[in-house]
Each structure stands twice: as structure tokens, then as C-alpha cells.
Amino acid sequence: MLCRKADAPDIAAIDSDIQRADFIIVTHTHYDNVPDVPHIAHKTGAAVIGTESTENVTGAYGVPEEQLLTVRGGEDYEFSSFSLKVIPSIHSPLDHKHYFSSNTAPAGMKAPLILELIHPEGKNL
Ligand SMILES: [Zn+2]
């Protein structure tokens with residue numbers, strides 16, 4: 001069982017490297033993909049596009065619901081500067097075509113999160 005605290009974002013690196021973001025697209029919520037997202041969302045006001053797991057993880061860090069666009073796959077969006085077609089996928093399509101854990105990170109979590117809570121990949125896009 002993993003009970004370590006999830007990887008903390010490198011706030012100094014984020015603040016140095018990211019000045020503006022309009023959208024953050026999260027393909028899945030493994031602990032190595034999502035920890036920076038809440039800080040970037042808070043800092044920039046960017047819309048976060050991801051699965052229900054993404055919503056639950058970012059919600060644990062207080063990202064407002066109005067910044068979240070929860071998708072399941074199959075959506076087709078036209079934004080002012082790009083279009084986005086959301087395609088369901090598996091985690092490693094080129095590496096033995098497998099899932100790790102397609103469970104959804106639970107709703108109602110509160111930060112700081114521990115690894116076991118953001119180990120489910122929460123479906124892949
Ligand atoms: Zn992953």
C-alpha cells in the first residue's frame with residue numbers, strides 16, 4: 001500500500017516557467033501527471049480539461065468547478081484558437097496495451113493527497 005504524500009509540485013519552477021495558460025489538458029490522473037495542475041490552474045485561471053478523476057483531484061486542491069471541463073471521451077470542442085476531439089484510450093497503447101488501474105480517484109478528497117488516492121489512472125484520454 002502506498003501511503004506517501006503525493007509528489008509536491010515544484011512551485012518555483014512552475015512560477016518561473018509558466019506565466020500564462022488558457023487550458024490544461026490532463027490525459028489521466030496518475031501521480032506523475034497531475035500534481036502540478038492545481039497550482040497552474042490557480043495561478044493562471046486556465047480551464048482544466050480531464051476526466052472525473054481530474055475533477056476530483058483538482059477539486060481536492062480547491063480549483064473552482066467553473067474552471068473544470070469534465071470529459072469522458074467522444075466530445076468534440078471548438079475553442080477560439082483550436083479544436084479538441086477527446087478520444088478514450090488505454091494507458092500504454094504501445095506497451096503491451098494495458099491499463100494500470102482505470103478506477104476513478106474518489107470524490108470528496110482533501111489536499112494534501114497521498115499516492116494511493118491518485119494512483120488510479122482514472123481512465124485515459
Ligand atoms: Zn500514467
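Biologist: Which residues of helix α2 (residues 37-44) are buried?
Modeller: This is a predicted model. A residue counts as buried under 20% relative accessible area. In helix α2, the buried residues are V37, P38, I40 and A41.

Biologist: Within what arc do the buried residues of α2 fall, seen down the axis?
Modeller: Take V37, P38, I40 and A41, the buried residues of α2. They line one face of the helix, because they fall within an arc of 165°.

Biologist: What covers the buried residues of α2?
Modeller: The cover is made by contacts, meaning heavy atoms within 4.5 Å. Two strands are among the cover, β1 (23-25) and β2 (47-50). Helices also take part, including α1 (11-17) and α3.

Biologist: Which residue just after α2 takes a positive phi?
Modeller: Helix α2 spans residues 37-44. Just after it, a positive phi of about 75° is taken by G45.

Biologist: Is N56 buried or exposed?
Modeller: N56 has its place in helix α3 (residues 52-60). Leaving aside neighbours within four places in sequence, N56 is in contact with T104, A105, P106, A107 and M109. Its relative accessibility is 10%, so N56 counts as buried.

Biologist: How many residues apart in sequence are the parts that the pair of F23 and F82 ties together?
Modeller: A search of the whole structure finds four aromatic pairs. F23 and F82 form one that is edge-to-face, with 5.0 Å centre to centre and 90° between the planes. F23 lies in strand β1 and F82 in the loop between β4 (76-78) and β5 (83-85), so the pair ties together parts separated in sequence by 59 residues.

Biologist: Are F23 and F82 buried, exposed or partly exposed?
Modeller: The relative accessibility of F23 is 30%. For F82, the relative accessible area is 25%.

Biologist: What kind of pair do the rings of Y77 and F79 form?
Modeller: Their centres are 5.6 Å apart. Their planes stand at 25°, so the pair is stacked.

Biologist: Which residues do ring pairs link into a cluster?
Modeller: F23 and F82 form an aromatic pair. Y77 and F79 form a stacked pair. Ring pairs link these residues into a cluster of F23, Y77, F79 and F82.

Technical notes: Residues numbered from 1 in each chain as written. Predicted model: local features only at pLDDT ≥ 70, side-chain atom pairs only at ≥ 80, totals over all residues. Heavy atoms only, no water. Helix = DSSP H or I, 4+ residues; strand = E, 2+ residues; numbered from the N terminus. Buried < 20%, exposed > 50% of the residue type's maximum accessible area, 1.4 Å probe, protein only. Arc of directions from axis to C-beta. Phe/Tyr/Trp six-rings, centres within 6.5 Å; stacked < 30°, edge-to-face > 60°.
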